[in-house]
Amino acid sequence: MACFLVSAAEAAVVKVVETVEEKKEIKAEASGHEHTEEVKIPLSRKLKWLNALLLGGAVLLMFEHVWHGEVVPWFPFLTAMSNAEDAAEMFHEMATVGVTMALLITAVWAVMCVVADALVKKSNEEVSEKA
Amino acid sequence: MTLLITVFAAIIATYKWYTRKDDTMQLGILVFMYWGASIMWFVDAIFEFAELKAEYFTPAAEDMLNDAFLGLAVVALGLVIWIVRLLITDPKGSVRAALRRQA
């Protein structure tokens, strides 16, 4: 009904955090605090991945809802909002399916970050061994 | 069916991203978009399975056709978003070069 809205909302929050983090990293780099020979994946880049997963998924799911006539181009945009019973069902779906979707995407992203960090660490070790 | 088609699209996009020569084609956006949608539809499928049980695996032919059609439309939409973004960001400068020639 509108489960994609939970992921879209999380994507908006992640975008704000990503922008703040990116500014911090640029500042830190300019002041020379974080200059090391080791390659590291910045948090802002990882947050970009999460944002792309959440937003990409939400856009394609929104299309599915348009396909099924659950999202319409006129106010209130969600057909379930036309009566209280459907609205209650929609909020229930958002709280169950929507939240689970957002949580699973975040969990997959977290695993992805751990694996990416491990790969970068291994690559750093290989480079330092060769040197 | 929509989930299956999106998962296959995600796998193909990931394979193309892995075997890319450089980043100019911006395949990462496709990879994230299709995997994001696949995860979300996977959750949807779990909830549907919990409700329908074994019946989930025996959909009506009409529903399956509609879902397949939707899956293909979703893949097409993902490709449209990717190509529009590629043309706007124009990392190879091809669009700008073409516009300069026409001007």
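This is a chat about the contacts between and within the chains of a predicted model.

Me: How many residues of chain A are in contact with chain B, and how many of chain B with chain A?
Reply: In this predicted model, 23 residues of chain A are in contact with 21 residues of chain B.

Me: And how much area do the two chains bury between them?
Reply: Chain A and chain B bury about 2,000 Å² between them, and 87% of that lies on carbon and sulfur atoms. On the side of chain A, the residues that lose the most area to chain B are A:Leu60, A:Phe63 and A:Trp67, which together make up 31% of what that side buries.

Me: Which helices of chain A supply at least two residues each to that side?
Reply: Helix H1 (4-30), helix H2 (43-67) and helix H3 (84-130) of chain A each supply at least two residues to the side that touches chain B. H2(A) gives the most, with twelve residues.

Me: What is that side made of, by class?
Reply: The side of chain A that touches chain B has 16 nonpolar, six polar and one charged residues.

Me: What about aromatic rings, which ones are linked into a cluster?
Reply: Ring pairs link A:Phe63, A:Trp67 and B:Phe69 into a cluster, and two of these residues, A:Phe63 and A:Trp67, are also among those in chain A that lose the most area to chain B.

Me: How many aromatic pairs are there over all chains?
Reply: The structure holds six aromatic pairs over all chains. One of them joins A:Phe75 and A:Phe77, an edge-to-face pair with 6.0 Å from centre to centre and 80° between the planes.

Me: Is A:Phe75 buried or exposed? And what about A:Phe77?
Reply: A:Phe75 counts as exposed because its relative accessibility is 70%, whereas A:Phe77, at 42% relative accessibility, counts as partly exposed.

Me: Which residue pairs with B:Phe49?
Reply: B:Phe49 forms an aromatic pair with B:Tyr56, and this pair is edge-to-face, with 6.4 Å from centre to centre and 85° between the planes. B:Phe49 is partly exposed, with a relative accessible area of 36%, and B:Tyr56 is partly exposed too, with a relative accessible area of 25%.

Me: Switching to charges, how many salt bridges are there over all chains?
Reply: By the rule used here, the count comes to six salt bridges over all chains. Side chains of opposite charge can pair when their charged atoms come close.

Me: Let's take A:Lys46, where is it placed, and is it buried or exposed?
Reply: A:Lys46 has its place in helix H2 of chain A, and it counts as buried because its relative accessibility is 10%, which is under the 20% cut-off.

Me: What is A:Lys46 in contact with, leaving aside neighbours within four places in sequence?
Reply: With those neighbours left aside, A:Lys46 is in contact with A:Ile41, A:Trp109, A:Cys113 and A:Asp117. The side chains of A:Asp117 and A:Lys46 meet in a salt bridge, at 2.8 Å from N to O. A:Asp117 lies in helix H3 of chain A and A:Lys46 in helix H2 of chain A, so the pair ties together parts that are 71 residues apart in sequence. A:Asp117 itself counts as partly exposed, at 32% relative accessibility.

Me: Which residue does A:Glu22 form a salt bridge with?
Reply: A:Glu22 forms a salt bridge with A:Lys48, and the closest N and O atoms are 3.0 Å apart. Because A:Glu22 lies in helix H1 of chain A and A:Lys48 in helix H2 of chain A, this pair ties together parts that are 26 residues apart in sequence. A:Glu22 is partly exposed, with a relative accessible area of 29%, and A:Lys48 is partly exposed, with a relative accessible area of 37%.

Me: Which residues are linked with those two in a network?
Reply: A:Lys15, A:Glu18, A:Glu22 and A:Lys48 are linked in a network of salt bridges.

Me: And in chain B, which residue does B:Arg20 meet in a salt bridge?
Reply: The side chain of B:Arg20 meets that of B:Asp23 in a salt bridge, at 2.7 Å from N to O. B:Arg20 counts as partly exposed, at 31% relative accessibility, whereas B:Asp23, at 54%, counts as exposed.

Notes: Residues are numbered from 1 along each chain as its sequence is written. Chains are lettered from A and ligands numbered from 1 in the order in which they are written. Side-chain values use heavy atoms; hydrogens and water are left out. Rings of Phe, Tyr and Trp (its six-membered ring) pair if their centres lie within 6.5 Å; planes under 30 degrees apart count as stacked, over 60 as edge-to-face and the rest as tilted. Buried means under 20% relative accessible area, exposed over 50%, partly exposed in between (1.4 Å probe, protein chains only). Contact means heavy atoms within 4.5 Å. Buried area is the accessible area (1.4 Å probe) that two parts lose on being put together, summed over both. Helices (H or I, at least four residues) and strands (E, at least two) are DSSP runs, numbered from the N terminus. Ala, Val, Leu, Ile, Met, Phe, Trp, Tyr, Cys and Pro count as nonpolar, Asp, Glu, Lys and Arg as charged, and the others, Gly among them, as polar. A salt bridge is a side-chain nitrogen of Lys or Arg within 4 Å of a carboxyl oxygen of Asp or Glu.
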